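This report describes a single protein chain for computational work. It treats the pocket, an aromatic contact, the nonpolar core and a strand residue in turn.

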Amino acid sequence: MSTTKKVLTALQAGTELTPAQMAARFKVANPSALVNALRQQGFPIYGNKAKLADGTRTTKYRFGTASRAIIAAGYKALAADLV
């Protein structure tokens with residue numbers, strides 16, 4: 001299984017992942033690029049700002065549900081390219 005598929009499977013299972021966790025668990029060299037690629041494929045991955053136990057700030061990525069407004073914007077963008 002590819003690294004991308006492993007990360008996607010973990011997110012779909014409900015796991016929240018920080019970039020450091022993606023790098024350590026899945027050997028992802030550039031976690032933000034991987035998340036961006038998944039988003040461009042249509043997966044609703046959200047990044048939430050989080051404060052860790054040691055006081056540092058990071059982003060926790062999670063799999064979510066696209067809002068009605070996001071779906072509408074996608075259809076409008078597709079329609080603009082077809083006209």
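Helices and strands are taken here as DSSP runs, with helices of at least four residues (H or I) and strands of at least two (E), numbered from the N terminus. The model is predicted.

**Largest pocket**

On that basis, β1 (45-51) and α4 (68-82) each supply at least two residues of the lining of the largest pocket. Of these elements, α4 gives the largest share, five residues. The space in the largest pocket amounts to about 270 Å³. Its lining consists of Arg39, Gly42, Phe43, Pro44, Ile45, Tyr46, Ala66, Ile70, Ile71, Gly74, Tyr75 and Leu78. By class, nine of the lining residues are nonpolar, two are polar and one is charged.

**Aromatic pair**

Phe43, one of the lining residues, also takes part in an aromatic pair. A search of the whole structure finds one such pair. The ring centres of Phe43 and Phe63 lie 6.4 Å apart and the ring planes stand at 55 degrees, so the pair is classed as tilted. Edge-to-face geometry would require an angle over 60 degrees. Phe43 belongs to the loop between α3 (31-40) and β1, whereas Phe63 belongs to strand β2; the pair therefore ties together parts that are 20 residues apart in sequence.

| Residue | Relative accessible area | Class |
|---|---|---|
| Phe43 | 25% | partly exposed |
| Phe63 | 27% | partly exposed |
| Thr58 | 18% | buried |

**Thr58 in strand β2**

Thr58 lies in strand β2 (residues 57-63). Its relative accessible area of 18% is under the 20% limit, and Thr58 is therefore counted as buried. Leaving aside residues up to four places away in sequence, Thr58 touches Thr18, Pro19, Asn48, Lys49, Ala50 and Leu52.

**Largest nonpolar core**

In soluble globular proteins, nonpolar side chains tend to be buried together. The largest nonpolar core of this model has 13 residues, among which Val7, Leu17 and Met22 touch the most other members. Two or more residues of this core come from each of α1 (3-12), α2 (19-26) and α3. The largest share, four residues, is supplied by α1.

Which residues does Leu17 touch, not counting those up to four places away in sequence? The contacts of Leu17 are Val7, Ala10, Leu11, Met22, Arg25, Phe26, Thr59, Lys60 and Tyr61. Two of these, Val7 and Met22, are named with Leu17 as the core members that touch the most others.

Conventions. Residues numbered from 1 in each chain as written. Predicted model: local features only at pLDDT ≥ 70, side-chain atom pairs only at ≥ 80, totals over all residues. Heavy atoms only, no water. 1 Å grid on protein atoms, 1.4 Å probe; cavity = no way out; pocket = protein on both sides within 12 Å on 5 of 7 lines; lining within 4 Å. Points joined across faces, edges and corners; volume = space filled by probe spheres on them. Nonpolar A, V, L, I, M, F, W, Y, C, P; charged D, E, K, R; others polar. Buried < 20%, exposed > 50% of the residue type's maximum accessible area, 1.4 Å probe, protein only. Contact = heavy atoms within 4.5 Å. Phe/Tyr/Trp six-rings, centres within 6.5 Å; stacked < 30°, edge-to-face > 60°. Core = buried A, V, L, I, M, F, W, Y, C linked by side-chain atoms within 4.5 Å.
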